[in-house]
Amino acid sequence: MKDILKAVDSLLSDTGLGGTWLSLSTYAVLIALTALFAWLSYFVCHKVLAPLARKFAAKTSVGWDDLIFNAHSLRAACRIVPAVVVWQLLPAVFWRVPVWQDLIARATGIYIAVMSMLLGISLVDSFKKYEDRRHSSLQQYYQTFCGVLKILVIFLSVIVMVAIAIDRSPLTLIAGLGATSAVLMLVFKDTISGLVAGIRLTSNDMLHRGDWITVPKEGINGTVEDIALTTVKVRNFDNTILTIAPQALVDGTFQNWQGMRESEGRRVKRLVYIDFRSIRPIDDAVRQLLVSSYGFKPGEVEGRRVNLTLFRLYAERHLASLQEVNTDLLFVVRQLEATNTGLPLEFYFFLRQKEWKPYEHLMADIMEGFYATMPDFGLAVYQRCSDRQ
């Protein structure tokens, strides 16, 4: 640069300029050359090096380089290069005016810090898109720690910018922050508690993206779309989106249906209240009907057999015969403690179908079949009748 400075002085002197005009013209030419070099460095990075980096990343078999060398991150990196060129050329351009050199150097340093912060945030956001597998707990750690890294990048960048502006060492400012640690803890209280809660959720395998959860107290019943540092985003089945703090999930109670989705069946648990007045020993007509239409053997209906006993036996046999019912899991039709609204009869079994709509229809078909069959056994469902005027 000194050679260029001498050449510029020599050329301008040959034009007849002298004194102040020669000095101003020299500065103007040097500033123009610095701007030209900065533009050329940006052009080479943006038009040559960045496309080469993206092509190289696309040809490799690994996936992490595609995240690093994405268009947004490379554009942010290209914006830093011209500022570095200006930073290096400033001493040669303004060597006679140290005040201007110091001011422009500080402004350039702050610009580099800002662009570096944007580059850091872009890289962190790129890694947030990394997918190991759909329900991987490792992905949740990425989501949580990427949020922390973004805060750390912004925090350090602000310290560097302030240090450049007041001409102090960033380490000095960081050391001085010890006195304000209590204030920082107060400011980042929600962030820290969210981080700890997020780690507890993921490390204990309590929650993942894609899980179906219900939080009745908060009106949440849907699929987890995102787990961030301070919020968990859930899309309800009515397509409304609700957010809740991870700390609220850890401190409170929520129901995760993912275990049901990964199991061999979805549970059906229904209570039917039988009218006490309809429970009686079967007569000959019912006995004949059960043998002819419901597959009972004559020996099973002989004697003083109670209709509810036979109905429970029939219901369990019917459930065992259905392909839709997973008989490898528990299935039972049992009697519960009597109430003043009838005798509770519980149907407990598991369906292989676990998707919501088909599950509801299949469960309804099975239960409606039982409701329609009860009168053949002489049973009646308890139903409270309103008083007629």
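Colleague: Why is S157 called buried in this predicted model?

Modeller: The relative accessibility of S157 is 10%, and since buried means under 20% relative accessible area, S157 counts as buried. The residue has its place in helix α6, which covers residues 137-166.

Colleague: Which residues is S157 in contact with, once its neighbours within four places in sequence are left aside?

Modeller: Those residues are A113 and M117. As for C-alpha positions, S157 and M115 are 42 residues apart along the chain, and their C-alpha atoms are separated by 9.6 Å.

Colleague: What makes N326 buried or exposed?

Modeller: N326 has a relative accessible area of 2%, and because the term buried applies under 20%, N326 is buried. This residue is found in the loop between α13 and β7, the latter being residues 332-335. With the neighbours within four places in sequence left aside, N326 is in contact with E264, F350 and R352, where contact means heavy atoms within 4.5 Å.

Colleague: How do you know whether α13 is roughly parallel or roughly antiparallel to α14?

Modeller: Helix α13, residues 307-321, and helix α14, residues 356-373, pack at an angle of about 150°, and their axes are 12 Å apart. Angles over 145 degrees count as roughly antiparallel, and therefore α13 is described as roughly antiparallel to α14. The crossing of these two helices is right-handed.

Colleague: Which residues make that contact, and how do they divide into nonpolar, polar and charged?

Modeller: On the α13 side the contact is made by F311, Y314, A315, H318 and L319, and on the α14 side by I366, F370 and T373.

Colleague: What makes β4 and β5 the edges of their sheet?

Modeller: The sheet is an open one of five strands in the order β4-β3-β2-β1-β5, with antiparallel pairing. Both β4 (241-244) and β5 (255-256) have a single partner strand, so that one side of each is left without a neighbour in the sheet, and this is what places them at the edges.

Colleague: How do you know that β3 and β4 pair?

Modeller: Two strands pair if at least two bridges are found between them, and four bridges join strand β3, residues 232-236, to β4, with the two strands running antiparallel. In the case of V232, the bridge partner in β4 is I244.

Technical notes. Residues are numbered from 1 along each chain as its sequence is written. This is a predicted model: local features need pLDDT of at least 70, side-chain atom pairs count only at pLDDT 80 or more; totals for chains, interfaces and linings use all residues. Side-chain values use heavy atoms; hydrogens and water are left out. Axes are lines fitted to C-alpha atoms, for helices over the stretch in contact, and angles run from 0 to 180 degrees between N-to-C directions. Angles under 35 degrees count as roughly parallel, over 145 as roughly antiparallel, 65 to 115 as roughly perpendicular and the rest as oblique. A crossing is left-handed if the near helix is turned anticlockwise from the far one by less than a right angle, and right-handed if clockwise. Buried means under 20% relative accessible area, exposed over 50%, partly exposed in between (1.4 Å probe, protein chains only).
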